[in-house]
2 protein chains.
Amino acid sequence: MSVESPALAPEYKSSAGTGATKNHVVVDVVLRVMLFATALVAIIVMVTSKQTKLIPVAPGMALPIAAKFNQTPAFIYYVVALSVACFYSIITGLLSVLALVKPTGGPTKMMFHFAILDALLLGIMASATGAAGGVGYIGYKGNNHTGWNKICNIYGTFCAHIAGSLTVSLLPSIALLLLVWVSVFALSKKIARS
Amino acid sequence: MSVESPALAPEYKSSAGTGATKNHVVVDVVLRVMLFATALVAIIVMVTSKQTKLIPVAPGMALPIAAKFNQTPAFIYYVVALSVACFYSIITGLLSVLALVKPTGGPTKMMFHFAILDALLLGIMASATGAAGGVGYIGYKGNNHTGWNKICNIYGTFCAHIAGSLTVSLLPSIALLLLVWVSVFALSKKIARS
């Protein structure tokens, strides 16, 4: 419609999408709070997993040997990825709250940037959870073929922490997936309404 | 603008978004072809990784022992995820080509569904690559703390296949991330134009 005056177009657009945008931002904030909380719990449970046990190294001789998360590169990557997700959720959560309180300055643009970054972080978080899960599974079950013995029969508390952290860490990934979905949904809704 | 007649609004929308949608669908098809090709290569390299070697089990006695990808659960998950990605890329690729040839029936709706599924598959693919990568790293470097010996010094060809497959398998994840980005970008573009 080239006959429509250019000055009227922005007004038409913003009046159509406001209700949907506000709902979207509320859901967005809730998901970011969930992302922050679950990532923080997963980090704390993981970094407090240290367990020291007396391991027999020779007949009649045992040495205290500690199992720590930072002895495994996959767990270090996992904690780093969770920390990034935690930090990211604080910044974007605050920006979302700001957009909710003072809804000016292009919510569509913010939605776009958030969706891009959320998808990237989803990839990072999922790969970190996968890496930690893959290694954790070897610790839990061992692998006869490669001669890797399970260690969970010895370091029970350590393993319980790893397992707990991994279970909780599914939630940040799910939250990020939902955030991408909500953004895509909100963007589609805007097109349908405009 | 409530003064605009409802009958004109859809026409205005569709005429504005056609060029952008067509470009988007072309990029979409190219990325899906890339997803298919790289996932297929990664699967083939992984499943052909079997290597049999004579391993000394006692002084003067050696047994032929095979290393196969399906001895490790993380690698099985990895191959399954890649297969799903491969299969998914065929179906969605065909639908995209169809949308390109016969651009009727809501490209926005298709874009929305694709973005939702792409994001889900991105999470699955990234976690599978992470799991296989975490386990592959132990095979390559070993872990002194847990007493897991590296096996790449023995099964060289097997490890070369795993490493090659893992390197290639970064591309399907990147393709899926780009697909999500392209969808989000195309949806935002449509709002900006409408």
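Which word applies to Gln51(A), buried or exposed, and what is its relative accessible area?

Author: This is a predicted model, in which local features need pLDDT of at least 70 and side-chain atom pairs count only at pLDDT 80 or more, whereas totals for chains, interfaces and linings use all residues. Residues are numbered from 1 along each chain as its sequence is written, chains are lettered from A and ligands numbered from 1 in the order in which they are written, and side-chain values use heavy atoms, with hydrogens and water left out.

Gln51(A) is buried, with a relative accessible area of 12%; buried means under 20% relative accessible area, exposed over 50%, and partly exposed in between (1.4 Å probe, protein chains only). The residue belongs to strand β1 (residues 51-58) of chain A. Helices (H or I, at least four residues) and strands (E, at least two) are DSSP runs, numbered from the N terminus. When neighbours within four places in sequence are set aside, the contacts of Gln51(A) are Ile65(A), Ala66(A), Ala67(A), Tyr155(A), Gly156(A), Thr157(A) and Phe158(A), where contact means heavy atoms within 4.5 Å. For Phe158(A) there is also a polar approach: its backbone nitrogen lies 3.0 Å from a polar atom of the Gln51(A) side chain.

Of the 194 residues of chain A, 47% count as buried. Among contacts in chain A with a separation of 6 or more, 76% come from residues 24 or more positions apart.

Two further buried positions lie in the helices. Ser165(A), in helix α4 (residues 156-168) of chain A, is buried at a relative accessible area of 0%. Beyond its neighbours within four places in sequence, Ser165(A) touches Ala42(A), Val45(A), Met46(A) and Tyr78(A). Val79(A), in helix α2 of chain A, counts as buried at 11% relative accessibility.

Together with Phe87(A), Ile91(A), Leu94(A), Leu95(A) and Leu98(A), Ile90(A) forms a nonpolar surface patch of about 600 Å² of accessible area. Patches are made of residues with over 30% relative accessible area and no salt bridge, like charges being joined within 9 Å and nonpolar side chains (Val, Leu, Ile, Met, Phe, Trp, Tyr) within 5 Å.

Charged pairs form the next topic. The structure holds 4 salt bridges over all chains, a salt bridge being a side-chain nitrogen of Lys or Arg within 4 Å of a carboxyl oxygen of Asp or Glu. In chain A, Arg32(A) pairs with Asp118(A), the closest N and O atoms being 3.1 Å apart. This pair links distant parts of the chain, with Arg32(A) in helix α1 (residues 9-47) and Asp118(A) in helix α3 (residues 107-141), 86 residues apart. Arg32(A) is buried at 1% relative accessibility, and Asp118(A) is buried at 0%.

In chain B, Arg32(B) forms a salt bridge with Asp28(B), the closest N and O atoms lying 2.5 Å apart. Being 4 residues apart in helix α1 of chain B, these two are separated by about one helical turn. Arg32(B) also meets Asp118(B) in a salt bridge (3.1 Å, N to O). Asp118(B) lies in helix α3 of chain B and Arg32(B) in helix α1, so the pair ties together parts that are 86 residues apart in sequence.

Finally, chain B and chain A meet in an interface that takes 44 residues from chain B and 43 residues from chain A. The area buried between them is about 4100 Å², of which carbon and sulfur atoms give 75%; buried area is the accessible area (1.4 Å probe) that two parts lose on being put together, summed over both. Across this interface the rule finds 0 salt bridges. The elements that give two or more residues to the side of chain B that touches chain A are α1 (8-47), α3 (107-141) and α5 (170-193) of chain B, and the largest share, 17 residues, comes from α3(B).

Note on methods: Areas by Shrake-Rupley, 256 points an atom, 1.4 Å probe, with all protein chains shown as cover. Polar contact = N/O pair within 3.5 Å; in protein donor to acceptor, adjacent residues only side chain to side chain.
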